[in-house]
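Please consult the sequence and the structure shown below while reading.

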Amino acid sequence: MPTLTMRYTGPAPVEKALRDYGCKSPFHVVRAGMMGEIICFLTTSPLEFIDWLWDGEKPVFESEAAVKGFYGVFLGMWNHLARHQEAGRPFSFQKLPLPRSGREFREALRVRLEETIIFMDCFLPDPEDPLPGDLRSLVDEMGGYMTGLVNLAEALPEAPGEEPVAAASLAEWKRCDAGVNRLAARLVRQAALERRAMLRNRQESAPRPERAPLRLVKSRR
């Protein structure tokens, strides 16, 4: 009987599964959305997230081995991303080369906006929900950098070509790109800390069971 192996070996197996089973979302969107889902304060499930990627319609598998191979790839990625909640393992969005032309700039902006939007949507499905600690200020700051990326995208011509990117636009790209990556890492770490604090407070405030009276063993002598 095939075993379920949850091991993350890089993007390639995930990209293959997305392609083979007809998922409409590209890898960078799946990765960023999964990270947002992991740190969401609502009850989350990797299996529910995987179903969501296919709009609730589970892929058709040819064998039990295919089922376990499919879920093993995504569960391995989930566990891999969850480790970014630990200190010293900051999360970052997909690394992108510095855009040199208008065409490359448009592509970089598209990818980064897709990542940040899905990350925030999965982390905070309702933007009006209350957030503990410093998370609200981090969310607001992230929104400012995302607005900067949107402004850059809207300023591009409809069909940019190989013309070089203006120095001012490139400087703003570097600022916003560094900002969203820095804040994503802080949100992942801070959300983990806040969740642990909430759990600890819940445990401390729960009524303690009464201690049972001691049962003494009488000597037979």
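Arginine 103 and glutamate 162 form a salt bridge in which the closest N and O atoms lie 2.7 Å apart. This pair connects distant parts of the chain, 59 residues apart: arginine 103 belongs to helix H5 (residues 102–123), while glutamate 162 lies in the loop between helix H6 (135–155) and helix H7 (167–205). The model is a predicted one.

- Arginine 103 counts as partly exposed, its relative accessibility being 39%.
- Glutamate 162 has a relative accessibility of 55% and counts as exposed, because the threshold for that class is over 50%.

**Other salt bridges**

- The whole structure contains 11 salt bridges according to the search.
- In general terms, side chains of opposite charge can pair when their charged atoms come close.
- Glutamate 64 pairs with lysine 68 in a salt bridge, with 3.3 Å between the closest N and O atoms.
- Glutamate 64 and lysine 68 are separated by about one helical turn, because they stand four residues apart in helix H4 (residues 64–82).
- Glutamate 64 is partly exposed, at 40% relative accessibility.
- A salt bridge also joins glutamate 86 to arginine 89, where the closest N and O atoms are 3.9 Å apart; this pair qualifies because the cut-off is within 4 Å.
- Glutamate 86 has a relative accessible area of 40% and is partly exposed.
- Arginine 89 is likewise partly exposed, with a relative accessible area of 36%.
- A network of salt bridges links Glu107, Arg110 and Glu114.

**Secondary structure**

- The protein has seven helices and zero strands.
- Read from the N terminus, the order of elements is α-α-α-α-α-α-α.

**Burial, contacts and surface**

- Of the 221 residues in the protein, 39% are buried.
- Considering contacts between residues at least 6 apart in sequence, 78% join residues at least 24 apart.
- The accessible surface of the protein amounts to about 13800 Å², and carbon and sulfur atoms account for 54% of that surface.

Notes:
Residues are numbered from 1 along each chain as its sequence is written. This is a predicted model: local features need pLDDT of at least 70, side-chain atom pairs count only at pLDDT 80 or more; totals for chains, interfaces and linings use all residues. Side-chain values use heavy atoms; hydrogens and water are left out. A salt bridge is a side-chain nitrogen of Lys or Arg within 4 Å of a carboxyl oxygen of Asp or Glu. Helices (H or I, at least four residues) and strands (E, at least two) are DSSP runs, numbered from the N terminus. Buried means under 20% relative accessible area, exposed over 50%, partly exposed in between (1.4 Å probe, protein chains only). Contact means heavy atoms within 4.5 Å. Accessible areas come from the Shrake-Rupley method with a 1.4 Å probe; for residues, only the protein chains shown count as cover.
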